[in-house]
Amino acid sequence: MRQRESMLAVAALLALAAGCGKKDPGTTPEGKAGSWPPAVTADEVAVTKADQLQFKQISTVPADNPYAKEWKEAPYVEVPLQPQQMTVPRLPAASVEKAKVQALTDGKSVSIRVAWPDAVPEGNVDAGRFVDAVAVELPISEGTPQFMGAKGKPVQILHWKALWQKDVDVHFQDVQDVHPNYWSDLYWFAEGKFPFPVPASFKNPASLQWFVAHQAGNPMAVFSRKSPVEELTAEGWGSLTHQPRSATTAKGAWTKGTWAVVFTRALKTDDPADHQFGQKGELAIAVWNGGGGNVGARKHWSNWVPFEVKP
């Protein structure tokens, strides 16, 4: 996200410095009828409360639909969230107090659904502007601290971002999606016409050489994103690392003031950095409220939540 914030800020400044852009009439509003995220007409699917999280057995997990009817069969647990205040940047106070978590399995795969209240969906970044996000943390071994793991006690983190979901649902979020009338007069070797959208106008390999992060393979700078979720591993503060191989898919939807995101992956994988699901385990949740300035460590998080995978 930081990579794209920098790109947006630099592009706007370059346009202003060159005197080649028009006056910005304001940022694009979100959440209105006809805009992203698309309107979802769905009934509440978290209908039965439980004391402990259980992966309900069904025939096929609904990997791409947070409002599939199958979710009504999965009891939810209410997970308390607290502001992260152990390291900087700290979150002074919580704006999201709890999340609902449900889980399903078909014996081969698992789906985890996380829902939390958010009055306004935030799906774009800019200088001082952040997006909504949610993460599921899973320990790799027993006795792992839930706060990002520890040296020799790694955790795996499945991180969904509203910005990436918007990249997938709409298109790569470019400068013009936040500042509609800003552009640069010259992009070397770009094709087409103003405002030279990314990536459509940058088919010539020579035109890509100024996209340094993209050319270096930075996963934050993918132009044709296929998935809104990133797998990461950590062994304590400041050790968060992207996993090149990803076994997780995700889908997020916002409706009636609530985000719901479903994560799906295989019970077992051959990646040693992945959590391997057994009959029992535990997970933790983190939520970012972009409209509240949440970003990085400035987030809400939970304690470990024990779960059971029912045969």
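A salt bridge is a side-chain nitrogen of Lys or Arg within 4 Å of a carboxyl oxygen of Asp or Glu. The model is predicted: local features need pLDDT of at least 70, side-chain atom pairs count only at pLDDT 80 or more, and totals for chains, interfaces and linings use all residues. Residues are numbered from 1 along each chain as its sequence is written, and side-chain values use heavy atoms, leaving out hydrogens and water.

**View 1. E78 pairs with K49.** Their closest N and O atoms are 3.5 Å apart. E78 sits in strand β2 (residues 77–80), and K49 lies in the loop between α1 (2–18) and β1 (53–57). Strands (E, at least two residues) and helices (H or I, at least four) are DSSP runs, numbered from the N terminus. K49, E78 and K98 form a network of salt bridges.

**View 2. R225 pairs with D167.** Here the closest N and O atoms are 3.4 Å apart. D167 belongs to helix α2 (residues 162–169), 58 residues from R225 in the chain. Both residues are buried (under 20% relative accessible area; exposed is over 50%, partly exposed in between; 1.4 Å probe, protein chains only).

**View 3. V114, W116 and F263 have the most contacts inside the largest nonpolar core.** This core has 39 residues. Strand β5 (residues 109–117) gives the largest share, four residues. A nonpolar core is a set of buried Ala, Val, Leu, Ile, Met, Phe, Trp, Tyr and Cys residues joined through side-chain atoms within 4.5 Å.
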